[in-house]
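Here is a brief report on one protein and its ligand. Look over the sequence and the structure first, then read on.

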Amino acid sequence: MTSRLLDAQGLVKNFGGLTAVADVSVHFDQDELIGLIGPNGAGKTTLFNLLTGETPVSSGSISFYTDQGVVSLNGQRPAAIARVGISRTFQNIRLFKEMSVLDNVRIAMTNHYREGFVTSVLRLPKYYQTERMMTKAAQELLSMFDLTAVADQPAKSLPYGIQRRLEIVRALATKPKLLFLDEPAAGMNPEETAALTRLIRRIQQEFHITIVLIEHDMSLVMNVVERLYVLEHGALLATGTPQAIQHDPAVIKAYLGGV
Ligand SMILES: Nc1ncnc2c1ncn2[C@@H]1O[C@H](COP(=O)(O)OP(=O)(O)OP(=O)(O)O)[C@@H](O)[C@H]1O
C-alpha cells in the first residue's frame with residue numbers, strides 16, 4: 001500500500017500580472033521517484049519554490065504527512081519546512097566554495113542538530129557531543145558517496161560533477177523524507193550524467209526517500225523516474241508513467257516536438 005507524503009491542491013503563484021503556476025495539484029507518495037518536466041518558463045522551479053517555502057503561494061494548500069499527523073506547510077519558512085523533512089538542491093550550485101567538503105556537509109547538518117543558545121555559547125559538554133556526532137555523521141555520508149579522499153579540500157577545487165554530488169550529499173545531511181533536485185544534470189557531460197543516474201537510483205533505494213526531480217535531460221528522466229508531471233505555461237498538462245507520457249499526444253505537441 002502506498003502512503004501519501006505530500007499533497008498540494010490548487011497551487012497558484014502570480015508575479016504581478018504573470019501567473020507562473022496556475023491551479024496545479026500534485027501529490028507525492030513515500031519512496032516514489034518522480035519527474036517534473038516542461039518547456040523553459042513552464043513554472044517548474046516556481047513550483048519547487050512554493051513547495052519548499054522559498055516563495056509564498058498566492059493561493060492553494062500544501063499538506064505534509066508526518067508520523068505525528070498531517071501538517072500544513074502554507075506560510076512556513078524554508079528552515080521550518082526543512083525540519084519537517086523536505087530538502088532540495090538548486091539549479092545553480094550553492095556550496096560554500098572556500099570551505100572544505102566536510103564543513104559543507106557539517107553546516108548543512110546544523111539545521112537538524114542545532115543546540116540551544118546557552119549550550120552553544122557556553123560550550124557545554126552537550127555542544128561538543130553534538131559537534132562530534134555531526135562530524136562522524138558527515139564523514140559517514142562522505143564515505144557512502146566516495147568523497148572521503150577530498151573531505152579536506154575546498155569545495156571549489158572539485159570538478160563540476162563532483163560539486164553537484166556534494167550538493168546532493170548536503171541535501172541528504174538533514175535526513176529528508178522528500179528530496180527535490182532542480183536540474184541535477186545541468187552542465188554535466190554524458191559520463192557525469194550516467195554516474196548521476198546511478199546515484200539517484202542508489203539514494204532512493206538506500207535512503208528510502210521520495211525524490212522529485214526537474215530535468216531537461218530526457219534520457220535521465222525516462223531512465224529513472226516512475227511517474228511524471230508535465231507543466232506547460234504554469235498549468236499541469238499531463239501526468240503518468242514515462243511510457244504513457246512519451247505517447248501522450250498533448251505532450252508530444254507541446255514539449256517533445258514530435259519525438
Ligand atoms: N521572482 C519572479 N518574479 C517574476 N517572475 C518570475 C519570478 N520567478 C519566475 N518568474 C517567471 O515565472 C515563469 C516560470 O518560471 P520558472 O523559473 O518557474 O520556469 P521553469 O519551468 O523552471 O523554467 P526553466 O526550465 O527555464 O528553469 C517565467 O515566466 C519566469 O520568468
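Which element of the protein has the lowest mean pLDDT, and which the highest? Helix H4 has the lowest and strand S1 the highest.

| Element | Residues | Mean pLDDT |
|---|---|---|
| Helix H4 | 117–121 | 56 (lowest) |
| Strand S1 | 4–15 | 98 (highest) |

Where pLDDT is low, the predicted coordinates should not be read in detail. Across the protein, pLDDT averages 90. A score of at least 70 is reached by 91% of the residues. The model has an ipTM of 0.96 and a pTM of 0.90.

**Overall fold**

The protein contains 10 helices and 10 strands. Its C-alpha trace spans about 60 × 40 × 40 Å along the principal axes. Of the 259 residues, 35% are buried. Among contacts with a separation of 6 or more, 68% join residues 24 or more positions apart.

**Around the ligand**

The ligand is surrounded by Phe15, Leu18, Ala20, Gly38, Asn40, Gly41, Ala42, Gly43, Lys44, Thr45 and Thr46. Two elements, strand S2 (18–29) and helix H1 (44–51), each give two or more residues to this shell. H1 supplies the largest share, three residues. By class, the shell holds four nonpolar, six polar and one charged residues.

Conventions. Residues are numbered from 1 along each chain as its sequence is written. This is a predicted model: local features need pLDDT of at least 70, side-chain atom pairs count only at pLDDT 80 or more; totals for chains, interfaces and linings use all residues. A residue is near a molecule or strand if its C-beta atom, placed from the backbone, lies within 6 Å of it. Helices (H or I, at least four residues) and strands (E, at least two) are DSSP runs, numbered from the N terminus. Ala, Val, Leu, Ile, Met, Phe, Trp, Tyr, Cys and Pro count as nonpolar, Asp, Glu, Lys and Arg as charged, and the others, Gly among them, as polar. pLDDT is the predictor's confidence in each residue, from 0 to 100. A residue is buried if 20 or more other C-beta atoms lie within 10 Å of its own, exposed if 12 or fewer, and partly exposed in between; C-beta atoms are placed from the backbone. Two residues are in contact if their C-beta atoms, placed from the backbone, lie within 7 Å.
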